[in-house]
Amino acid sequence: MVKYVNYGSPHYGIPVYIIVMNRTERGNYKVEVSVCDNAGTPVSDPVAWDMFLTWWEARKYVRQQYKEFYRYVNDGR
């Protein structure tokens with residue numbers, strides 16, 4: 001699962017952060033938030049990450065991180 005935090009419009013704005021959720025070899029889920037360029041490619045090490053045992057816990061964390069970073073990027077526009 002890949003989700004972008006965009007500046008401006010949630011669907012058509014410029015990507016600023018990328019949130020990636022992957023399943024590891026051990027069956028856990030890893031969620032990473034990284035800064036990205038205009039094309040959506042990560043350009044740095046993750047600024048936030050965590051590991052989860054279930055898909056649902058990881059999905060809740062993705063939603064939480066999306067809301068937090070979206071608020072950080074778009075407040076005060």
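Guide: Start with Val-5. Residues up to four places away in sequence aside, Val-5 touches Ile-14, Pro-15, Val-16, Tyr-17, Ile-19, Tyr-66, Phe-69, Tyr-70 and Val-73. Contact here means heavy atoms within 4.5 Å. This is a predicted model: local features need pLDDT of at least 70, side-chain atom pairs count only at pLDDT 80 or more, and totals for chains, interfaces and linings use all residues. Residues are numbered from 1 along each chain as its sequence is written, and side-chain values use heavy atoms, with hydrogens and water left out.

Val-5 also belongs to the largest nonpolar core, which has 15 residues. Such a core is a set of buried Ala, Val, Leu, Ile, Met, Phe, Trp, Tyr and Cys residues joined through side-chain atoms within 4.5 Å. Buried means under 20% relative accessible area, exposed over 50%, and partly exposed in between, with a 1.4 Å probe and protein chains only. Val-5, Tyr-17, Ile-19, Val-31, Val-33 and Ala-58 touch the most other members. Strand 2, strand 3, strand 4 and helix 1 each give two or more residues to this core. Helix 1 gives the most, with six. Helices (H or I, at least four residues) and strands (E, at least two) are DSSP runs, numbered from the N terminus.

Four strands form an open sheet in the order 1-2-3-4, with antiparallel pairing. Two strands pair if DSSP finds at least two bridges between them. Strand 1 (2–7) and strand 4 (48–52) are the edges, each pairing on one side only. Neighbouring strands are turned by 15° against each other on average, direction ignored. Helix 1 (residues 55–74) packs on this sheet and touches strand 1, strand 2, strand 3 and strand 4. Its direction makes about 10° with that of strand 1. Axes are lines fitted to C-alpha atoms, for helices over the stretch in contact, and angles run from 0 to 180 degrees between N-to-C directions.

Strand 2 (residues 14–23) and strand 3 (residues 29–35) are joined by seven bridges. Met-21 has Val-31 as its bridge partner in strand 3. Asn-22 stands opposite Lys-30 in strand 3. Five bridges join strand 3 to strand 4. There, Lys-30 stands opposite Met-51 in strand 4.

Aromatic rings come next. There are four aromatic pairs. Rings of Phe, Tyr and Trp (its six-membered ring) pair if their centres lie within 6.5 Å; planes under 30 degrees apart count as stacked, over 60 as edge-to-face and the rest as tilted. Tyr-17 and Phe-69 are a tilted pair, 4.8 Å centre to centre with 55° between the planes. Tyr-17 lies in strand 2 and Phe-69 in helix 1, 52 residues apart. Both are buried. Phe-52 and Tyr-61 are also tilted, at 5.0 Å and 45°. Phe-52 counts as buried because its relative accessibility is 14%. Tyr-61 counts as buried because its value is 13%.

Gln-65 lies in helix 1. Gln-65 counts as buried because its relative accessible area is 5%. Beyond its neighbours within four places in sequence, Gln-65 contacts Ile-19, Val-33 and Ala-48.

Finish with two lysines. Lys-3 lies over the face of Tyr-66, 4.7 Å from the ring centre. The charged end of Lys-30 sits over the ring of Trp-49, 5.5 Å from its centre. A charge sits over a ring if NZ of Lys or CZ of Arg is within 6 Å of the ring centre and within 35 degrees of the ring normal.
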